[in-house]
Amino acid sequence: MREAVCIGNNIGGTIIINVPNATYSLANTTDAGTGELLLGNSQSVNISIIGASQSSTIIQQTDGIDRVFEQDPPFNGNTPVAISNLTIQNGVCTSGQDCGFGGGGMLGNGNTGDDLTLTNVTFFNNNSGGSDDGGALAGEGNGNLTISGSVFNANIAPSNTNGGAAGGGVFYNVNQGDGNISVTNSTFTNNTSTLGGGGIEVEDNGDTTTISGSVFTGNSAGSSQGGGVFSDNSPLTLSNSRIVGNIASGGGTGLAAEAVQTVTATNNWWGCNGGPGASGCDTVFTGGGASDTFNPLLVLTISANSTQINTNSSTGVTAAITTNSSGGTGFNV
């Protein structure tokens with residue numbers, strides 16, 4: 001695996017690396033100088049890494065000090081990366097390369113043209129190691145981040161020398177005007193941060209954040225804000241998603257947003273028919289000039305297949321979250 005990446009970096013141009021079914025264990029090696037896989041060097045290269053499936057192609061770190069992937073380590077730019085159909089696990093960045101930028105499993109984006117696309121990728125049990133933000137993934141600098149069909153499970157952004165780290169699953173912070181983040185049909189579960197954004201945090205971006213068809217459950221921001229999602233100074237659109245059972249004692253168990261921005265979080269299921277803050281639902285916190293819209297909401301409907309039941313017979317009961325509070329239909333969570 002390491003040799004394939006090295007050859008691709010040195011050839012340049014468009015590189016496709018197909019990774020068969022197997023578990024690939026990385027370690028810090030003398031010849032490589034780092035235990036992580038470095039995607040890009042001093043020239044422009046477009047790298048795609050394609051596994052066989054999320055469950056059968058596993059790339060894991062074993063040295064206890066390095067993450068798994070880093071995009072464009074020399075900060076050259078024009079190094080787009082696409083990763084699909086595999087699992088990235090057990091990365092922990094403590095004293096490895098560029099740990100100060102965060103990302104336990106992967107440090108992505110970087111300079112102009114460093115777009116990152118993740119399709120059907122699982123990030124499991126990664127830890128930013130107390131160095132910085134992004135338990136599973138940190139996107140820093142420039143470049144668009146596109147996530148689809150992916151899973152972020154049991155990743156941690158722990159306490160650090162600054163008091164805490166943000167984005168247990170994903171932390172995205174690029175320069176204003178230099179990148180947007182899109183998340184579709186993805187799952188964030190049981191991720192933990194100590195500063196904010198247990199599932200995902202987008203910070204100081206100013207560009208757009210779009211999340212749709214996704215699940216945020218069991219994530220925790222501890223005593224901070226935004227157990228599921230935290231958005232700071234980034235216009236956010238969140239739709240057709242399930243935000244249930246997240247934790248943040250500082251406010252906004254499901255969603256927190258701050259600074260001057262617009263939050264449009266319509267057609268979501270919050271855990272009850274009453275919407276954010278009602279009994280059984282996750283809560284929302286907005287402050288610092290943020291304006292929000294949460295209606296209409298997705299609501300739970302229950303119907304019996306038959307209104308009459310004969311003695312010793314039965315009928316089916318159907319529960320669905322396909323209707324919103326305004327009577328709209330056709331949703332799918």
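A residue is called buried here when its relative accessible area is under 20%, exposed when that area is over 50%, and partly exposed in between, as computed with a 1.4 Å probe on protein chains only. By this definition Phe152 is buried, with a relative accessible area of 0%. The structure is a predicted model, in which local features need pLDDT of at least 70 and side-chain atom pairs count only at pLDDT 80 or more, while totals for chains, interfaces and linings use all residues. Residues are numbered from 1 along each chain as its sequence is written, and side-chain values use heavy atoms, with hydrogens and water left out.

**Parallel sheet**

- Strands are DSSP runs of E with at least two residues, helices are runs of H or I with at least four, and both are numbered from the N terminus; two strands pair if DSSP finds at least two bridges between them.
- Nine strands form an open sheet with parallel pairing, in the order S3-S6-S8-S10-S14-S18-S21-S24-S26.
- Strands S3 and S26 (284-286) stand at the edges, each with a single partner strand, so one side of each is left without a neighbour in the sheet.
- On average, neighbouring strands of this sheet are turned by 10 degrees against each other, direction ignored, where the axes are lines fitted to C-alpha atoms (for helices over the stretch in contact) and angles run from 0 to 180 degrees between N-to-C directions.
- Strand S6 is joined to strand S8 (residues 106-108) by two bridges in the parallel sense, and Met106 in S8 is the bridge partner of Phe69.
- Four bridges pair strand S21 (residues 229-232) with strand S24 (residues 255-258), again in parallel, and Val229 stands opposite Leu255 in S24.
- S24 is in turn joined to S26 by three bridges, the two strands running parallel, and Ala257 has Thr286 in S26 as its bridge partner.

**Nonpolar cores**

- A nonpolar core is a set of buried Ala, Val, Leu, Ile, Met, Phe, Trp, Tyr and Cys residues joined through side-chain atoms within 4.5 Å.
- The largest such core has 51 residues, and those with the most contacts inside it are Phe69, Ile83 and Leu137.
- Leaving aside residues up to four places away in sequence, Phe69 touches several residues, among them Met1, Leu37, Ile59, Ile83 and Met106, contact meaning heavy atoms within 4.5 Å.
- A second, separate core of five residues includes Val244, Leu298, Ile321 and Phe331.

**Aromatic pairs**

- Rings of Phe, Tyr and Trp (its six-membered ring) pair if their centres lie within 6.5 Å, and planes under 30 degrees apart count as stacked, over 60 as edge-to-face and the rest as tilted.
- By this rule there are four aromatic pairs, one of which is the stacked pair of Phe123 and Phe152, with 4.9 Å centre to centre and 5 degrees between the planes.
- Because Phe123 lies in strand S9 (residues 116-124) and Phe152 in strand S12 (residues 151-153), this pair ties together parts that are 29 residues apart in sequence.
- Phe123 counts as buried at 0% relative accessibility.
- Phe188 and Phe216 have ring centres 4.8 Å apart and planes at 10 degrees, so this pair is stacked.
- Phe188 is in strand S16 (residues 187-189) and Phe216 in strand S20 (residues 215-217), so the pair ties together parts that are 28 residues apart in sequence.
- Phe188 is buried at a relative accessible area of 0%, and Phe216 is likewise buried at 0%.
- Phe123, Phe152, Phe188 and Phe216 form one aromatic cluster.

**Salt bridges**

- The structure holds two salt bridges, each defined as a side-chain nitrogen of Lys or Arg within 4 Å of a carboxyl oxygen of Asp or Glu.
- In one of them, Arg67 pairs with Glu36, and the closest N and O atoms are 3.2 Å apart.
- This pair links distant parts of the chain, 31 residues apart, with Arg67 in the loop between strand S5 (57-61) and strand S6 (69-71) and Glu36 in the loop between strand S2 (22-26) and strand S3 (37-39).
- Arg67 is buried at 0% relative accessibility, and Glu36 is buried at 1%.
- Arg67 also forms a salt bridge with Glu70, the closest N and O atoms being 3.3 Å apart, and shared partners join Glu36, Arg67 and Glu70 into one network.

**Backbone details**

- The peptide bond from Asn295 to Pro296 is cis, with omega near 0 degrees, and Pro296 is placed in the loop between strand S27 (291-293) and strand S28 (298-304).
- Asn190, although not a glycine, has a positive phi of about 60 degrees, and Asn190 is partly exposed, with a relative accessible area of 45%.
- Asn312 has a positive phi near 65 degrees and counts as exposed at 82% relative accessibility.
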